[in-house]
Amino acid sequence: MKVMTFQVKTAARSDAVDITASVAEKVRESGIRDGICLVYVPHTTAGVTINEGADPAVMDDVLRALDRLVPWQADYRHSEGNAAAHIKTTLTGSSVSVLVENGRLLLGTWQRIFLCDFDGPRTRKVHVTVQGGDPA
Ligand code: ZN
């Protein structure tokens, strides 16, 4: 299995960065025309999600809703002080899968892939693999 990796710089403690173009580039690099692309974020305080990219207010709303659900300060036991970031990562998850058709990500019109940092700003890693389907 070939794993390709790229890095993403985030700009705030909570930040959602559109990584769709970088993932699409890795799909092209893989040479696989039809299959499944897995995007995996190997961090415990950053995750990955698919949502609307046309209006940037959507991901702002998502991040703000997560802030309300999981406040930075609360009755947490984790001594590092970033328990909220760990909890938000569990809520978003660490991977997404996207179908690949004719060498392109089969995303919906409004869908984009976002790396979500919850304890930034930092440089984060994203792993991508593309697995080919059986020939028709
Ligand atoms: Zn921690």
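The model is predicted, so local features need pLDDT of at least 70 and side-chain atom pairs count only at pLDDT 80 or more, while totals for chains, interfaces and linings use all residues. Residues are numbered from 1 along each chain as its sequence is written, and side-chain values use heavy atoms, with hydrogens and water left out.

**The zinc site**

Let's start with the metal. His78 (NE2), Glu80 (OE), Asn82 (OD1) and His86 (NE2) coordinate the zinc ion at 1.9 to 2.2 Å. Donors here are N, O and S atoms within 2.8 Å of the metal (3.2 Å for Na, K and Ca), and sites may look incomplete because water is not among the atoms. Along the sequence, the donor residues follow the spacing H-x1-E-x1-N-x3-H.

Why is the arrangement around the zinc ion called irregular? The 4 donor atoms subtend angles of 91 to 149°. Four donors count as tetrahedral if all angles lie between 85 and 135 degrees; four count as square planar and six as octahedral if opposite donors are over 155 degrees apart and all others between 65 and 115; anything else is irregular.

Glu80 is exposed, at 54% relative accessible area, and His86 is partly exposed, at 23%. (Buried means under 20% relative accessible area, exposed over 50%, and partly exposed in between, using a 1.4 Å probe and protein chains only.)

**Salt bridges**

There are 5 salt bridges in the structure, each a side-chain nitrogen of Lys or Arg within 4 Å of a carboxyl oxygen of Asp or Glu. Among them are these:

| Pair | N to O distance |
|---|---|
| Asp18 and Arg112 | 2.7 Å |
| Asp117 and Arg124 | 2.8 Å |
| Asp119 and Arg122 | 2.8 Å |

Asp18 sits in strand E2 (residues 15–18) and Arg112 in strand E7, so their pair ties together parts 94 residues apart in sequence. Strands (E, at least two residues) are DSSP runs, numbered from the N terminus.

Now for Arg124, which is buried at 2% relative accessible area. Thr45 lies in the loop between strand E3 (35–40) and strand E4 (46–52), and Thr45 is buried at 4%.

Methods:
Helix = DSSP H or I, 4+ residues; strand = E, 2+ residues; numbered from the N terminus.
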